[in-house]
Amino acid sequence: MHQTTHDVLVRFCERLVKCCDEILETTFPAKEDDHLAFMLGTWAPMQREHLHGVNVLIDRKCFVQAGILARTMLEGFGLIYWAKDDDDRAKRWRAYCLIHDLQLLREKQKGGETLDPSKEPDLLNHLKKDAQVFLTKKAKERASKDGLDSVIGDPKSYQDVWHIDVTGKRHSVSSILGDELGDEGLRDLYGYFSQYVHWGVDGIAKYISRTDSGYEVNPQAQPRDALSAMAMAFQACIQTFILLAVHFKRIGDQKTLRVLREDYLAAVSPPARSSDL
């Protein structure tokens, strides 16, 4: 059963890579203020690359690595799904680059590098305009007391993620998958592969077995991880590309992707679906 399901998943992942390649043969022009378009246009090609990577890793029996990469894909889809209904969320993703620029600026200044004197005031102006939403609670309290200039130029004043709401509340990827998407199966898979990312004992233990003289580690002891990784990677990639096709009103691409998704759901056995893996 596993071998049959494995072959089906491999075939569909390869079909999806080819489908994505055909879609990406054309460009996706968008207006400067269409932040979701920018997000989709840059993330979709990465999802295609990640899916190809999962296929390669599975072929080489690197199941854990395939799972980690598939987890990254699921995180990407969850975040872009969260952003799709509110363009301010996509705008926040773009605006968060200002915090990275500030961190880089301070590092260069600390290292004694000679910089264009206009860079810092220009960056601070952009931060005041677009990045106040990222200020931590402590920084906001200080700004209220001592003025915005007292915190705006300090990288430590900002939260370390961009996926927050207008109040500054953080939204974890896990909560987005479970609450926004309403898919507990995907959230469970995300948590399952997170064990490997964070070096959790409960994740690594599955590959360890006792022997008469001690123990042994078998990296291929969980072939089901390969099925889970491929199923998760396929779903994350095709859903991202569907969002891309919908946003850019690519009717033909929408139809092609939805037919492929329907074929996939009809072909996979129940254990290969996200809700059962």
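Is E75 buried or partly exposed? E75 is partly exposed, at a relative accessible area of 25%.

**Figure 1. Overview of the predicted model, with twelve helices and two strands.** From the N terminus, the order of elements is α-α-α-α-α-α-α-α-α-α-β-β-α-α. The C-alpha trace spans about 65 × 60 × 35 Å along its principal axes. Of the 277 residues in the protein, 43% are buried. Among contacts with a separation of 6 or more, 69% are between residues 24 or more positions apart. The C-alpha atoms of E22 and S150 are separated by 51 Å, and these two residues are 128 positions apart along the chain. E22 belongs to helix α1, residues 2-23, and is exposed with a relative accessible area of 53%.

**Figure 2. The largest nonpolar core, a set of 81 residues.** The members that touch the most other members are L16, V54, L127, F134, Y158 and L257. Helix α11 supplies the largest share of this core, 16 residues. α11 covers residues 224-247.

**Figure 3. Surroundings of L257, one of the core residues with the most contacts to other members.** Leaving aside residues up to four places away in sequence, L257 touches L16, C19, I23, I238, F241, I242 and A245. L16, one of these partners, is itself listed among the core residues that touch the most other members.

**Figure 4. The largest pocket, with a volume of about 290 Å³.** Its lining consists of 13 residues, and those closest to the centre are V64, Q65, Y196, W199 and I204. By class, the lining has eleven nonpolar residues, one polar residue and one charged residue. Two helices, α3 (63-83) and α9 (184-197), each supply at least two lining residues. The largest share, four residues, comes from α3.

**Figure 5. The salt bridge between D263 and R15.** Side chains of opposite charge can pair when their charged atoms come close. In this pair, the closest N and O atoms are 3.6 Å apart. The bridge links distant parts of the chain, with D263 in helix α12 and R15 in helix α1, 248 residues apart. D263 is partly exposed at 33% relative accessible area. R15 is also partly exposed, at 37%. This bridge is one of the salt bridges in the structure, for which a search of the whole model finds a total of eleven.

**Figure 6. The salt bridge between E75 and R71 within helix α3.** The closest N and O atoms of this pair are 3.9 Å apart. E75 and R71 are separated by about one helical turn because they are four residues apart in α3. The two partners fall into separate accessibility classes: E75 is partly exposed at 25%, whereas R71 is buried at 10%.

**Figure 7. Further salt bridges, including D253 with R250 and a network of D21, R48 and E49.** In the pair formed by D253 and R250, the closest N and O atoms are 3.3 Å apart. D253 counts as buried, with a relative accessibility of 17%. D21, R48 and E49 are linked to one another in a network of salt bridges.

Figure 8. Most residues other than glycine have a negative phi. K61 lies in the loop between α2 (35-59) and α3. With a relative accessible area of 47%, K61 is partly exposed.

Figure 9. K249 is found in the loop between α11 (224-247) and α12 (251-267). K249 counts as exposed, at 66% relative accessibility; residues over 50% fall in that class.

How values were computed
Residues are numbered from 1 along each chain as its sequence is written. This is a predicted model: local features need pLDDT of at least 70, side-chain atom pairs count only at pLDDT 80 or more; totals for chains, interfaces and linings use all residues. Side-chain values use heavy atoms; hydrogens and water are left out. On a 1 Å grid over the protein atoms alone, a cavity is a set of points where a 1.4 Å probe fits but cannot get out, and a pocket is an open set with protein on both sides within 12 Å along at least five of seven lines; lining residues have an atom within 4 Å of a point. Grid points are joined across faces, edges and corners, and a volume is the space filled by probe spheres set on the points. Ala, Val, Leu, Ile, Met, Phe, Trp, Tyr, Cys and Pro count as nonpolar, Asp, Glu, Lys and Arg as charged, and the others, Gly among them, as polar. Buried means under 20% relative accessible area, exposed over 50%, partly exposed in between (1.4 Å probe, protein chains only). A nonpolar core is a set of buried Ala, Val, Leu, Ile, Met, Phe, Trp, Tyr and Cys residues joined through side-chain atoms within 4.5 Å. Contact means heavy atoms within 4.5 Å. A salt bridge is a side-chain nitrogen of Lys or Arg within 4 Å of a carboxyl oxygen of Asp or Glu.
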